[in-house]
Every structure is written in C-alpha cells, then in structure tokens.
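I set out to look up the pairs and where they lie.

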Amino acid sequence: MPQQALQDILFSQGFGTRRVCAGLVQQGLVSLSGRTCQDASELVETAGLVFNVQGVAWQYQAQAYLMLHKPAGYECSQKPGAWPSVYTLLPGPIRQRGGGAAAGVQAVGRLDQDTTGLLLLSDDGKFIHRMSSPRHHVPKVYEVTTKHPVTGHQLERLLAGVVLEDDPKPVRAAACEATGECALSLTLTEGKYHQVKRMLAAVGNRVEQLHRARIGGLSLPADLAPGQWRWLGADDLERIRV
Ligand code: URA
C-alpha cells in the first residue's frame, strides 16, 4: 500500500511548498481521523485517505479529474481578459496542485465566456490530450437556444455539413434535433473555435444561448449548480473513456 510523508502528501495536494506544508502540521492545523498530527514526516497511507486541513476535509487524489458547471460570464483562460477565470471557482489547493505552475489543473478544451455547462478539468496531461484530440471524436452534446425558429432545412444542412470560413472541409453535426421552436440539441465530435455559433450562423440562424449538457456518456448532474465542481469518480471516467 502506498505511503508518503504527510508533508509530501500536503504538497502534492496543493497546500504550498514542502516548507509551508510542514509548517501547517507544526501549527497543529492538520488532522487525520480526528487526531491532530504533530510530525510532518509521519508516513501516511494515501489510498482512500481523507485528511483535514484547518477544519476542511480533503480526499487524497493521486491525480485530479473534476467537472465544473461553468456559469456564464467566466473565461476558460488562466489569464483572462474582461471576465473572471473559471479557475477562480476552484479551491486554492486544487489550483495550486503541482506547485501552481502550468502543470496544475487545466480545462479540457474551452467554452466561450457566455457558454454554460459541463467543463472537465485535470492535471493528467495524457488525459487532457486524449480528450482534446480530434482523433478521438468524443461526442459533446450542446443545447442551443436560437434567435430564429429552427427549420427542417437548417437541421438537414447541419447534419450534411457546412463550410466555415477558415476551412474548406465541411464540419457536420453527428446528431441534431429540434427540441423547441427556437431550440435544438446538437452533437459534435470535434471542437473548432466557436464551432456551434459558426455552424448556426452558416445556416442563417444565430445562437442566443449555449449550454454543454454531455461529454461522451457523462451528463452534467442536475444537482450540480452553476459555479459548483465535483471530483470525477471511476464510473464517471469510464463514461468518457476514449
Ligand atoms: N461552440 C461554440 O460556439 N462555443 C462554445 O463555447 C462551445 C462550442
């Protein structure tokens, strides 16, 4: 069973430098199963570990895989311009895993500032690469509210493929159905810049609201409010396995 020194565990989970982590233990701010720890070099079993720092319980994660219900008005960039970053919605230790450098938790692809819904984040570079790679075709389901009523002809064109201005190769929806007069559900297996908005514009309509409801077999849980996040479990990862 894997064991690590307590200060190394805290460091790996984003609680600061090893020195800061040792300091947290020495100040009596870290406890395990209700016992306040004294020794930062104490060896601790990491499998299934729940530790407590300053009254907050944390589950040890060898690597971080999480989902966020992205609200409107947030950018997916680490260094956003006009809007706050989605990373500000995550607790400090999650943002600072891996020392807080570029190696920390990253969004898997990006959603526009005004798009809401399911966003995955991880510090596993291979996972991010696999999920973002166009070769893997993970289907992503978007719920779209449009400015003008959706016509049968528009749905046909989205399915047949439309040409966007920067690429002569047509892009097509893997699935597409009207869900209301001005609403449709659109499944894409690639992720070009502003793809849904540009596809709707190409067929003569306009996106008013955009929400990502599902990635692979993983749906945004109904009880995850905008701005909230949660760890992905093994069953969630299985649902998006590519
Ligand atoms: N397509 C878009 O146009 N915007 C998004 O945020 C995602 C897909």
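Entry 1. I began with the term itself: a salt bridge is a side-chain nitrogen of Lys or Arg within 4 Å of a carboxyl oxygen of Asp or Glu. I note that the model is predicted. By this rule I have a count of 11 salt bridges.

Entry 2. I looked up K197 and found that its salt bridge partner is D114, with the closest N and O atoms 2.7 Å apart. K197 belongs to helix α6 (residues 195–202), while D114 is in the loop between β8 (106–107) and β9 (116–122), so the pair ties together parts that are 83 residues apart in sequence. I recorded K197 as partly exposed, at a relative accessible area of 22%. D114 is also partly exposed, at 40% relative accessibility.

Entry 3. I turned next to D236, which forms a salt bridge with R239; their closest N and O atoms are 3.3 Å apart. Both residues lie in helix α7 (residues 234–239), three residues apart, which is about one turn of the helix. D236 is buried, with a relative accessible area of 13%, whereas R239 is partly exposed at 44%. I then looked for shared partners: D112, D114 and K197 are joined into one network by such salt bridges.

Entry 4. Is E42 buried or exposed? I found a relative accessibility of 19%, and buried means under 20%, so E42 counts as buried. E42 forms a salt bridge with R35, the closest N and O atoms being 2.8 Å apart. R35 itself counts as partly exposed, at 40% relative accessibility.

How values were computed:
Residues are numbered from 1 along each chain as its sequence is written. This is a predicted model: local features need pLDDT of at least 70, side-chain atom pairs count only at pLDDT 80 or more; totals for chains, interfaces and linings use all residues. Side-chain values use heavy atoms; hydrogens and water are left out. Buried means under 20% relative accessible area, exposed over 50%, partly exposed in between (1.4 Å probe, protein chains only). Helices (H or I, at least four residues) and strands (E, at least two) are DSSP runs, numbered from the N terminus.
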